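User: I am new to this structure and would like to go through it by question and answer. Please show it before we start.

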Amino acid sequence: GLDLEGLKPAISKLLNLLHARLSALPPGPRPAWTRLLEAENAAILEALDALSPALQELNRARASGRADELRAAAAALLAGLPRLEIMERHYRRKENVLFPRFEASY
């Protein structure tokens, strides 16, 4: 029942606590769900990288104060935002797949 913003600090703390232990695990075959989460992480990073130029242009246009440039930059950024929808699915998947595994183990 918590919103995503409320979960982010707890997720960060949990990952920081588990980082050393997870890093010490020997490499080997990983379950399909971990490969899926890794692929989603890569897709999220790619989507964010693709939005970076539009965001930089928006900042430049805002600093210049030119309304026409600002509108064009904002439109370019808004056009790319749907690519970030993967983040909602990704964090929901973590909530439904990863967290129950942690809860069962600890």
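**A salt bridge between helices**

Analyst: In this predicted model, the side chains of Glu-40 and Arg-93 meet in a salt bridge, 2.8 Å from N to O.

User: Which helices does the pair of Glu-40 and Arg-93 link?

Analyst: The two residues are 53 residues apart and belong to distant parts of the chain. Arg-93 lies in helix α4, and its partner Glu-40 lies in helix α2. The helices linked are α2 and α4.

User: Is Glu-40 buried or exposed?

Analyst: Buried means under 20% relative accessible area. Glu-40 has a relative accessible area of 7%, whereas Arg-93, at 30%, counts as partly exposed. Glu-40 is therefore buried.

User: Which residue forms a salt bridge with Glu-46?

Analyst: Glu-46 is in helix α2, and its partner sits 37 residues away in the loop between α3 and α4. The closest N and O atoms of the pair are 3.4 Å apart.

User: How far apart are the end C-alpha atoms of helix α2?

Analyst: Helix α2 covers residues 32-64, which makes 33 residues. At 1.5 Å a residue, α2 should span 48 Å, and the distance in the model agrees. The end C-alpha atoms are 48 Å apart.

User: Where in α2 does a kink lie?

Analyst: The kink is about 30°. It comes shortly before the proline Pro-53. The kink lies at Ser-52.

User: What covers the buried residues of α2?

Analyst: The buried residues of α2 include Leu-37, Ile-44, Leu-51 and Leu-58. Among the elements that cover the buried residues of α2 are α3 (67-80) and α4 (85-105).

User: Within what arc do the buried residues of α3 fall?

Analyst: The buried residues of α3 are Ala-73, Leu-77 and Gly-80. Seen down the axis of α3, they line one face of the helix, because they fall within an arc of 60°.

User: Which exposed residues does the face of α3 turned away from its buried side carry?

Analyst: What covers the buried residues of α3 includes α2. The face turned away from that buried side carries the exposed residues Arg-71, Leu-78 and Ala-79.

User: Which residues do salt bridges that share partners join into one network?

Analyst: Arg-66 and Glu-69 meet through their side chains in a salt bridge of 3.0 Å, N to O. Salt bridges that share partners make one network of Arg-66, Asp-68 and Glu-69.

Terms used. Residues are numbered from 1 along each chain as its sequence is written. This is a predicted model: local features need pLDDT of at least 70, side-chain atom pairs count only at pLDDT 80 or more; totals for chains, interfaces and linings use all residues. Side-chain values use heavy atoms; hydrogens and water are left out. Helices (H or I, at least four residues) and strands (E, at least two) are DSSP runs, numbered from the N terminus. The expected span of a helix is 1.5 Å times one less than its number of residues. The bend at a residue is the angle between axes fitted to the seven residues ending there and the seven starting there. Buried means under 20% relative accessible area, exposed over 50%, partly exposed in between (1.4 Å probe, protein chains only). Contact means heavy atoms within 4.5 Å. The arc is that of the directions from the helix axis to the C-beta atoms. A salt bridge is a side-chain nitrogen of Lys or Arg within 4 Å of a carboxyl oxygen of Asp or Glu.
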